[in-house]
Structure formats: C-alpha cells, structure tokens
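Thanks, everyone. Let's take a short walk through a new model. Please have the viewer open.

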Amino acid sequence: MESIKIRTYIGDDGILQIQLPPEITNQELDVVIIFQAVIQKSTQSPNKTPEELGYSRKFVEEVTSSWEGDPFKRPEQLPFEEH
C-alpha cells in the first residue's frame with residue numbers, strides 16, 4: 001500500500017483531478033480518498049470554540065479532566081535580568 005498526500009483546490013464544478021505516477025498504469029487499484037478542509041492560519045481566532053477548531057466536545061472534556069497527578073504549582077518567578 002502506498003499513499004500520496006496532495007493539496008489541491010476544488011472549483012465550483014466539484015471535480016477533483018488526480019494524476020498518478022506512470023509506474024501504476026494498466027493496473028487495478030483500490031483508491032481511498034480522505035479529505036479535510038484547509039484552515040487558513042490568518043482566519044483562526046483565539047475566540048473560536050473547540051468544535052469550531054475541529055475538536056469534539058467529548059475529546060476536550062476527556063483531555064482537560066484526565067490529569068490525575070499532584071496539582072500543578074507555579075514556582076515564584078525570578079527577577080528579570082538586564083544586561
């Protein structure tokens with residue numbers, strides 16, 4: 001099994017064109033297509049909910065409540081050094 005990762009733009013016609021290497025001509029293939037919309041970094045806002053960022057509510061609840069060790073403690077901050 002081989003995989004190829006590409007980034008492409010799908011126009012208004014909704015057609016995806018994929019050109020494969022010539023080494024695989026005249027063969028029968030099983031093809032699996034998995035797609036994910038590209039999130040532009042400039043449009044990300046720190047005010048988005050976890051769901052808007054692609055995380056499920058269940059995932060967030062499991063991760064944020066999964067710490068079972070001692071409570072985190074922040075040590076006293078050292079003074080800033082100027083050189």
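This is a predicted model, so keep that in mind throughout. Start with Tyr9. Its relative accessibility is 72%, so Tyr9 counts as exposed, the cut-off being over 50%. Where is Tyr9 in the chain? Look in the segment before α1, the helix that covers 57-64. Now find Val38. Tyr9 and Val38 are 29 residues apart in sequence. In space, their C-alpha atoms are 9.8 Å apart.

Stay in that segment and go to Gln36. Gln36 also lies before α1. Is Gln36 buried or exposed? It is exposed, because its relative accessible area is 70%.

Next, Ile4. Ile4 sits in the segment before α1 as well. Its relative accessibility is 56%, and therefore Ile4 counts as exposed. Ile4 belongs to a nonpolar surface patch of about 980 Å². Who else is in the patch? Its members include Ile6, Ile10, Leu16, Ile18 and Leu20. Leu29, Val31, Ile33 and Phe35 also belong to it.

Ile4 turns up again in the largest pocket. How many residues line that pocket? The lining has 27 residues. Nearest the pocket centre are Ile4, Lys5, Ile6, Val32 and Ile34. The space in the largest pocket comes to about 1,500 Å³. What is the lining made of? It divides into 18 nonpolar residues, 4 polar and 5 charged.

Now a backbone detail. Click on Asn26. Asn26 is in the segment before α1. What is its phi? Near 60 degrees, a positive value in a residue that is not glycine. Why point that out? Because most residues other than glycine have a negative phi. Asn26 counts as exposed, because its relative accessibility is 85%.

Ser66 is placed in the segment after α1. Its relative accessibility is 44%, so Ser66 counts as partly exposed.

Last stop, Glu76. Glu76 too lies in the segment after α1. Glu76 is exposed, because its relative accessible area is 75%. How far is Glu76 from Ile4? The two are 72 residues apart along the chain, and their C-alpha atoms are separated by 50 Å.

Definitions and conventions. Residues are numbered from 1 along each chain as its sequence is written. This is a predicted model: local features need pLDDT of at least 70, side-chain atom pairs count only at pLDDT 80 or more; totals for chains, interfaces and linings use all residues. Side-chain values use heavy atoms; hydrogens and water are left out. On a 1 Å grid over the protein atoms alone, a cavity is a set of points where a 1.4 Å probe fits but cannot get out, and a pocket is an open set with protein on both sides within 12 Å along at least five of seven lines; lining residues have an atom within 4 Å of a point. Grid points are joined across faces, edges and corners, and a volume is the space filled by probe spheres set on the points. Ala, Val, Leu, Ile, Met, Phe, Trp, Tyr, Cys and Pro count as nonpolar, Asp, Glu, Lys and Arg as charged, and the others, Gly among them, as polar. Helices (H or I, at least four residues) and strands (E, at least two) are DSSP runs, numbered from the N terminus. Buried means under 20% relative accessible area, exposed over 50%, partly exposed in between (1.4 Å probe, protein chains only). Patches are made of residues with over 30% relative accessible area and no salt bridge: like charges are joined within 9 Å, nonpolar side chains (Val, Leu, Ile, Met, Phe, Trp, Tyr) within 5 Å. Accessible areas come from the Shrake-Rupley method with a 1.4 Å probe; for residues, only the protein chains shown count as cover. A salt bridge is a side-chain nitrogen of Lys or Arg within 4 Å of a carboxyl oxygen of Asp or Glu.
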